[in-house]
Amino acid sequence: MRLFLLLISSIILFTTGPLPAQKAGRGCGTIPEFNDWLVYFQQNPAAFPRSPKTLYVPLAVHIVGTDEGKGFIPDHEVLDAFCTLNQDYEAANIRFFLSGPFRHIRNSQYFEHDYGKGIEMMQAYNLPNAVNCYIVGDAAGNCGYAFYTLGVVLDKSCMEETSHTWAHEIGHFLSLPHTFHGWESFSHDFSQPAPTAVNGRPAELADGSNCLVAGDGFCDTPADYLNYRWACQGNGMSAQVQKDPHGRAFRSDGSLLMSYAMDECANRFSERQIDALRANLEGPRAGLLPEQPPLPPMGNAPAAPLSPEQDQLITNVSSLALSWLPVPNAEGYIVQLNLLSTLGEEIPFTMYHSTEPAIEIDGLLSERSWRWRVRPYNRFDGCASFSEAFSFSTGNFISNTKEQASLGEFRLHPNPLPAGAPVKVEFELPYAFNLQLTIYTSTGQPVRHQPLDARYGHNEASVPTTGLPAGLYWLGIEHTGGRKFQKIIVQ
Ligand SMILES: [Zn+2]
């Protein structure tokens with residue numbers, strides 16, 4: 001370990017000067033070291049025949065936030081990125097799976113850290129028998145970095161569904177260098193021919209003739225010197241023309257995940273890179289691979305609600321069970337619940353997590369409309385999308401919250417009412433609702449009744465009073481959770 005730390009400190013020195021350029025370009029901070037095992041692999045291809053089997057690789061995902069518990073990347077965003085990661089490794093027949101639940105770490109020093117703290121974090125929290133992946137607020141100024149012996153660290157802002165940072169950093173963890181290996185942090189005018197060696201590594205020639213000992217050492221990844229994040233052209237190649245030491249011009253291949261091409265360009269590993277990834281897993285990393293493959297894939301039936309029913313009115317409760325049909329082989333569900341405020345502004349989703357196809361929600365506000373949706377996942381599969389949104393309403397139950405948006409006063413007219421004329425009822429509602437309009441005698445006997453599908457906003461209805469003798473009555477607007485009354489006089 002002491003040797004390793006020594007190595008790290010020399011590496012940090014190495015990166016101190018030129019790093020700001022990478023920082024601005026949101027690059028990768030992996031130390032550009034050539035892996036000894038990879039040298040042996042590249043020089044002895046016959047010793048590493050590719051096996052046909054799917055390799056299942058466990059990931060331990062650590063989600064880092066501040067001391068106060070803020071800044072955690074939301075779980076569903078990790079699932080999106082996890083889905084993309086598996087797509088990026090599909091051609092390699094490598095399948096990552098979650099070795100356990102996401103682990104949340106509250107530590108501001110690790111949330112935004114330099115390399116020293118990052119190493120300390122990994123040493124403190126790494127789990128055995130898994131690729132340890134940390135998602136933080138600032139990965140030492142990079143989109144990500146990897147240490148071959150420790151794991152990978154990712155900046156949460158580089159974890160979008162379209163981002164390939166995770167695939168790239170795990171590529172490093174499994175021995176792959178950048179396609180532009182040697183050029184990291186090297187300053188060069190690309191209109192000029194490259195020097196024969198850069199940072200002690202021969203510059204790869206445009207014709208590939210020195211490919212085994214230059215650049216990344218892979219002969220099916222062409223020469224590439226571009227050490228900054230670059231956008232590819234329509235044909236997937238760099239706009240920047242480079243010149244090899246012999247003055248031969250070439251462009252970089254943006255499809256390679258181990259290049260610095262932008263996320264929209266990069267989508268593959270070369271065949272020899274795939275050989276190396278797999279040989280690394282089956283060789284020095286064989287301890288990671290489980291004895292037997294985990295679960296079969298998850299069913300793709302969408303989660304369907306069991307309770308409450310669509311648009312159901314929930315009354316007299318301040319807690320509610322949401323349940324849905326279990327999705328075959330799902331091991332967990334992310335549930336989002338959203339209050340549609342009366343002002344038309346959407347309140348952001350509140351997130352819940354469940355291993356069962358049900359959750360209990362407390363503290364519901366009365367007289368509101370709610371939306372919820374469910375996303376299943378299992379340790380293999382983060383690719384399921386959220387279900388469509390389901391909705392329910394809460395009635396006018398007695399709530400201990402102050403947030404009683406109630407049915408406002410309603411208006412009756414004419415009042416007094418000429419005998420036999422219908423009474424008109426007007427009121428405003430903060431949500432769509434099923435109501436009952438009922439006329440009671442002064443002693444409480446219902447004498448007229450009319451249901452009403454009331455809508456959001458202004459409502460008008462009329463209730464017939466034909467045949468009612470003159471006198472005092474009550475008109476009630478009622479729903480299962482509450483009611484309001486007003487006097488009406490029939491003349
Ligand atoms: Zn990298």
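**Group meeting: a walk through a predicted model**

Is glutamate 169 buried or exposed? Glutamate 169 is buried, because 28 other C-beta atoms lie within 10 Å, and the cut-off for burial is 20 or more. Leaving aside residues up to four places away in sequence, glutamate 169 touches Cys28, Thr30, Gly144, Tyr145, Ala146, Val152 and Leu154. Tyrosine 145 deserves a word: 24 residues separate it from glutamate 169 in sequence, while their C-alpha atoms are 6.1 Å apart.

Let me now turn to the chain as a whole. It contains eight helices and 27 strands. Of its 491 residues, 38% are buried. Among contacts with a separation of 6 or more, 67% are between residues 24 or more positions apart.

On confidence, the mean pLDDT of the chain is 85, and 86% of the residues score at least 70. Residues 1-24 remain under 50, and the model gives them 14 contacts beyond four places in sequence. A further stretch, residues 398-405, is also below 50, with eleven contacts beyond near neighbours in sequence. Where pLDDT is low, the predicted coordinates should not be read in detail.

Strand β5 itself covers residues 131-136. Six of its six residues are buried, so the strand is largely enclosed by the rest of the structure. Both faces are covered: Val131, Cys133 and Ile135 are buried on one side, and Asn132, Tyr134 and Val136 on the other. Which strands pair with β5? Strand β1, residues 55-65, pairs with β5 in the parallel sense over five bridges, and isoleucine 63 has isoleucine 135 of β5 as its bridge partner. Strand β8, residues 151-155, also runs parallel to β5 and is joined to it by four bridges. There, valine 136 is partnered by aspartate 155 of β8.

My next subject is an open sheet of three strands, with the order β21-β22-β25 and antiparallel pairing. Strands β21 (411-413) and β25 (457-463) stand at the edges; each has a single partner strand, so one side of each lacks a neighbour in the sheet. From one strand to the next, the twist averages 20°. Three bridges pair β21 with β22, residues 423-429, in the antiparallel sense, and histidine 413 is partnered by lysine 424 of β22.

Histidine 413 brings me to the backbone geometry. Most residues other than glycine have a negative phi, and most peptide bonds are trans. The bond joining histidine 413 and proline 414 is cis, with omega about -5°; proline 414 lies in the loop between β21 and β22. A cis bond also leads from serine 307 to proline 308, with omega near -10°, and proline 308 belongs to the loop between β13 (305-307) and β14 (312-314).

Two residues with positive phi complete the survey. Asparagine 93, with phi about 55°, lies in the loop between α4 (75-88) and β2 (94-98). Its 15 C-beta neighbours inside 10 Å make asparagine 93 partly exposed. Serine 175, with phi near 95°, is in the loop between α7 and β9 (197-198). Serine 175 counts as buried because it has 24 C-beta neighbours inside 10 Å.

Note on methods. Residues are numbered from 1 along each chain as its sequence is written. This is a predicted model: local features need pLDDT of at least 70, side-chain atom pairs count only at pLDDT 80 or more; totals for chains, interfaces and linings use all residues. Two strands pair if DSSP finds at least two bridges between them. Axes are lines fitted to C-alpha atoms, for helices over the stretch in contact, and angles run from 0 to 180 degrees between N-to-C directions. A residue is buried if 20 or more other C-beta atoms lie within 10 Å of its own, exposed if 12 or fewer, and partly exposed in between; C-beta atoms are placed from the backbone. Two residues are in contact if their C-beta atoms, placed from the backbone, lie within 7 Å. pLDDT is the predictor's confidence in each residue, from 0 to 100.
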